[in-house]
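Subject: Handing over the model

Hi there,

Here is the structure I promised to pass on to you. Please have a look at it first, and then read my notes below.

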Amino acid sequence: PHGFAVERLAIPPHHAGKSLKELNLRARFNLTVVSIQDPDTPDRDEVPNPERPLVEGVHLIVVGEKRCIQRFLDPKAGRASEVPGHAGDPTLEPPP
């Protein structure tokens, strides 16, 4: 779909040590992690374990809107619903 991307992202320092479960990427950033790549085995993708803490050097393969990917990388980022035009954006809600 237009505006979506599959990206290989290094774990940003502000997310290191947290698990996928803690990060809650789907709710917070509207991103889906499809794979994890460990630098020790770069030619092998791992199925994401939501409980495993993420360490610097590990890469996530994510699918999502480019603007949501940028928010994930931004240490000051909020929720995906705070991205203008994203589902859940209060400006898209019908008036009461």
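What follows is a short tour of the salt bridges and the strands around them.

This is a predicted model, in which local features need pLDDT of at least 70 and side-chain atom pairs count only at pLDDT 80 or more, while totals for chains, interfaces and linings use all residues. Residues are numbered from 1 along each chain as its sequence is written, and side-chain values use heavy atoms, with hydrogens and water left out.

Let me begin with the charged pairs. There are 4 salt bridges in the structure, a salt bridge being a side-chain nitrogen of Lys or Arg within 4 Å of a carboxyl oxygen of Asp or Glu. One of them joins the side chains of Glu51 and Lys21, at 3.4 Å from N to O. Glu51 sits in the loop between strand E3 (45-46) and strand E4 (59-65) and Lys21 in helix H1 (residues 20-23), so this pair ties together parts that are 30 residues apart in sequence. Helices (H or I, at least four residues) and strands (E, at least two) are DSSP runs, numbered from the N terminus. Lys21 is exposed, at 54% relative accessible area; here buried means under 20%, exposed over 50%, and partly exposed in between, with a 1.4 Å probe and protein chains only.

Glu46 and Arg52 form another salt bridge through their side chains, at 2.8 Å from N to O. Glu46 is buried at 19%, whereas Arg52 is partly exposed at 31%. Asp38 joins these two residues in a network of salt bridges. Asp38 belongs to the loop between E2 and E3 and is buried, with a relative accessible area of 16%. A polar atom of the Asp38 side chain also lies 2.8 Å from the backbone nitrogen of Asp40.

Arg67 and Glu65 make a salt bridge as well, at 3.1 Å from N to O. Arg67 is partly exposed at 35% relative accessibility, while Glu65 is buried at 14%.

Now to the strands, which pair if DSSP finds at least two bridges between them. Strand E2 (residues 32-37) runs antiparallel to E4 over 5 bridges, and Thr32 is opposite Val63 in E4. E2 also pairs with E3 in the antiparallel sense, over 2 bridges. There, Ile36 has Glu46 of E3 as its bridge partner, and Glu46 is also the residue whose side chain meets Arg52.

Definitions and conventions: Polar contact = N/O pair within 3.5 Å; in protein donor to acceptor, adjacent residues only side chain to side chain.
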